[in-house]
Amino acid sequence: MDNTALVLVIIGALNWGSIGLFGVDLVGMLFGGQGALISRIIFTIVGLAGLWAITLLFKEKVPAGEINKQ
């Protein structure tokens, strides 16, 4: 779930970057505009992934070398 959320957050960030740099909403352009139902569903899913990603800030960090020691 964490990796899926991160991928969706990255997609959202790239979309916002394209809006900021070029004035192009890639999700809206690909799926019929910002008001189209499918675009709104995608925006909602990306937003929910962003909320999920907030939880990643508060998870306990495990050093990479200690993952396989158990």
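This is a predicted model: local features need pLDDT of at least 70, side-chain atom pairs count only at pLDDT 80 or more; totals for chains, interfaces and linings use all residues.
Good morning. Let me begin with what covers the buried residues of helix α3: the covering elements include α1 and α2, the latter spanning residues 26–30.

Which residues of α3 are buried? They are S39, V46, A49 and A53. Viewed down the axis of α3, these buried residues fall within an arc of 85 degrees, and so they line one face of the helix. Turning to the face of α3 directed away from its buried side, we find the exposed residues L37, R40, L48 and L51.

As to its dimensions, α3 comprises 20 residues, and the distance from its first C-alpha to its last is 29 Å. That is close to the 28 Å expected at 1.5 Å a residue.

I turn now to the salt bridges. How many are there in this model? The count comes to one. The partners are the side chains of D2 and K59, with a distance of 2.6 Å from N to O. This pair links distant parts of the chain, since D2 lies in helix α1, residues 2–22, and K59 in the segment after α3, which covers 37–56; the two residues are 57 residues apart.

Are these two partners buried, exposed or partly exposed? D2 has 22% relative accessibility and therefore counts as partly exposed. K59, at 40% relative accessibility, likewise counts as partly exposed.

Thank you for your attention.

Terms used: Residues are numbered from 1 along each chain as its sequence is written. Side-chain values use heavy atoms; hydrogens and water are left out. A salt bridge is a side-chain nitrogen of Lys or Arg within 4 Å of a carboxyl oxygen of Asp or Glu. Helices (H or I, at least four residues) and strands (E, at least two) are DSSP runs, numbered from the N terminus. Buried means under 20% relative accessible area, exposed over 50%, partly exposed in between (1.4 Å probe, protein chains only). The expected span of a helix is 1.5 Å times one less than its number of residues. The arc is that of the directions from the helix axis to the C-beta atoms. Contact means heavy atoms within 4.5 Å.
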